[in-house]
Amino acid sequence: MNCCIQTDGLTKTYGDTEVVSSLDLAVPCGSVYGFLGPNGAGKTTTMKMLLGLVHPTAGTATVLGTLVTPRNRLQVNAHVGSLIESPSCYPHLTARENLEVVRSLRGLPKSSIDEALATVRLDHTGSKPVRAFSLGMRQRLGLAAALMGNPELLLLDEPTNGLDPAGIQEIRELIRSLPAERGCTVLVSSHLLSEIDQMSDHVGIISHGQMVWQGPLSALHAQARHWLELHTTDDDRAAQLLKASRTDEGWVRVRVRDDESVARMTLGLAREGIGVVRLEERHEDLEDLFLALTGTEASL
Amino acid sequence: MRSLALEFAKLRRKHVLLIVLALVAAVLAWLFADAHGEGRGGATGWHSLFFAAPIMNSVFLSLLSTVVASRVADVDHEANAWKQLLCLQGTGSLLGAKLVCAMLVVALAVALELVGIIVIGRMWEFVDLPTVGSWASLALSQLVASLCAVSIIGAIALLWENQFVAVASGLTLSLAGLFSSFLPTALQRLVPSGYYTLLTTMQVVWGNGSSAPVFHEIALPLLDYALVAAFSAAACAYAYKKFSRREA
């Protein structure tokens with residue numbers, strides 16, 4: 001697997017507190033990698049270390065094939081777009097003037113500003129200063145700055161913060177389309193499971209600074225346990241016969257088996273004079289898995 | 001140059017030029033009153049203006065240096081822009097551009113002030129227009145003294161996001177500049193804004209039984225230039241060291 005980001009034992013300690021602990025992150029090139037974790041798990045600190053804004057206490061980070069050091073930070077970041085925490089916006093300047101700062105620093109053509117503004121649909125803002133922008137508009141401006149110059153790698157820290165539902169959907173679609181349309185790799189952090197589920201194809205789950213799970217999203221879904229729940233004309237007897245447990249709602253819960261076993265089970269119940277009233281297949285969702293992996297609430 | 005142009009672009013709509021004009025106008029108004037006291041065609045009119053300008057500058061130019069240095073740093077604090085800038089720009093280039101930007105604004109103020117002094121002197125028909133060397137010496141002394149103020153206040157403004165600290169320090173510097181002229185030279189050298197008058201080559205002697213001041217020019221005070229350069233370099237080096245170690 002060709003990785004655009006690879007960390008090896010990346011650690012950051014503030015005083016006695018280990019914020020990021022021996023993190024081995026592997027972001028495949030061309031993927032949308034969802035970096036998932038509760039608030040305070042160490043996502044932002046990790047992303048700042050990848051950009052060279054925070055110096056690791058131990059371990060290394062390799063970004064786009066280059067080991068990040070304080071000396072080569074600028075060379076590496078020339079190919080990286082980022083939006084970390086809140087967007088950087090000069091409130092007294094217009095959106096165009098704000099992007100002019102990034103354009104100038106990146107040495108891009110003037111047309112890149114129009115392109116970036118159109119991508120995040122801020123091309124109509126004209127002479128309006130950013131101080132008059134809503135939180136969502138500022139977030140879009142931050143995204144536009146990150147997208148300028150079509151970077152090979154995008155680091156987006158909770159990019160949908162402050163957006164309205166339509167805006168959230170729009171940005172999610174944009175992020176999802178980036179690898180195919182612009183050929184870039186995206187590392188996007190969030191504490192929202194549903195968001196990562198909708199945007200990413202790879203996921204890393206971080207808790208208390210440690211990576212608790214990492215891999216393709218499909219593999220995470222495949223880890224989910226499956227079972228059957230049924231209601232019968234006599235649930236107590238059915239549970240006894242099937243050696244099954246009962247849920248709080250009174251359902252009889254049995255481990256999922258192949259179709260043949262399920263058929264035998266229902267016929268067996270029928271032979272005992274117990275009619276199957278309802279039979280439903282259930283499985284753990286991503287939130288249950290997240291809860292099990294991190295030991296926290298699903299979305300904090 | 002690109003970094004410097006960016007600093008000026010970021011100051012757009014921050015009314016820096018207005019502040020420059022207001023403070024230069026305040027200095028010139030004072031100098032105009034001073035010239036009025038000399039009377040039309042006064043023999044020591046130019047000397048008097050050359051002596052009074054640095055005294056006024058120790059208050060007003062140190063205040064302008066404070067405001068400009070604070071603005072230049074605060075514009076990025078306010079925008080929460082350090083993360084973005086430090087991803088794309090070297091710390092030395094960023095801080096250097098800020099220092100040069102602030103100094104160019106102060107240089108504009110000094111240039112306007114010198115033009116104003118010429119106009120005032122001409123209006124009052126003072127005789128014996130000073131030589132180009134004298135004008136250059138006055139400009140240099142005020143710029144170097146401002147460099148010290150900009151470096152110190154700039155360092156404070158960079159390291160403390162709350163600009164109250166920088167502005168309060170600048171106001172203290174400005175007040176100290178006003179009173180530093182009354183201190184012995186050794187003590188005056190400890191006050192950064194005291195260098196506006198220490199570096200000037202126009203000196204005055206009071207006394208000899210006469211109430212009229214006697215002006216005379218001295219050679220460039222090289223020791224004081226060296227001291228103020230050392231103060232400025234120390235402030236810049238401290239700001240660079242602290243800032244480059246700070247994590248965004």
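## A strand pair in chain A

A:Trp227 stands opposite A:Arg255 in S14(A). The strands S12 (residues 226-232) and S14 (residues 252-255) of chain A pair in the antiparallel sense over four bridges; pairing requires that DSSP finds at least two bridges between two strands. Strands (E, at least two residues) and helices (H or I, at least four) are DSSP runs, numbered from the N terminus.

This is a predicted model, in which local features need pLDDT of at least 70 and side-chain atom pairs count only at pLDDT 80 or more, while totals for chains, interfaces and linings use all residues. Residues are numbered from 1 along each chain as its sequence is written, and chains are lettered from A and ligands numbered from 1 in the order in which they are written.

## The sheet around it

In chain A, four strands make an open antiparallel sheet, ordered S13-S14-S12-S15. S13 (245-246) and S15 (276-283) are at its edges with a single partner strand each, so one side of each has no neighbour in the sheet.

## Where chain A meets chain B

Let's turn to the interface. Here 23 residues of chain A are in contact with 21 residues of chain B, contact being C-beta atoms, placed from the backbone, within 7 Å. On the chain A side, H3(A) gives the largest share, six residues.

The axes of H3(A) and H1 (residues 2-10) of chain B come within 10 Å and cross at roughly 175 degrees. These helices are therefore roughly antiparallel, a label for angles over 145 degrees; axes are lines fitted to C-alpha atoms, for helices over the stretch in contact, with angles from 0 to 180 degrees between N-to-C directions. A:Glu100, A:Val101 and A:Ser104 meet B:Arg2, B:Leu6, B:Ala9 and B:Lys10 there.

Methods: Two residues are in contact if their C-beta atoms, placed from the backbone, lie within 7 Å. Angles under 35 degrees count as roughly parallel, over 145 as roughly antiparallel, 65 to 115 as roughly perpendicular and the rest as oblique.
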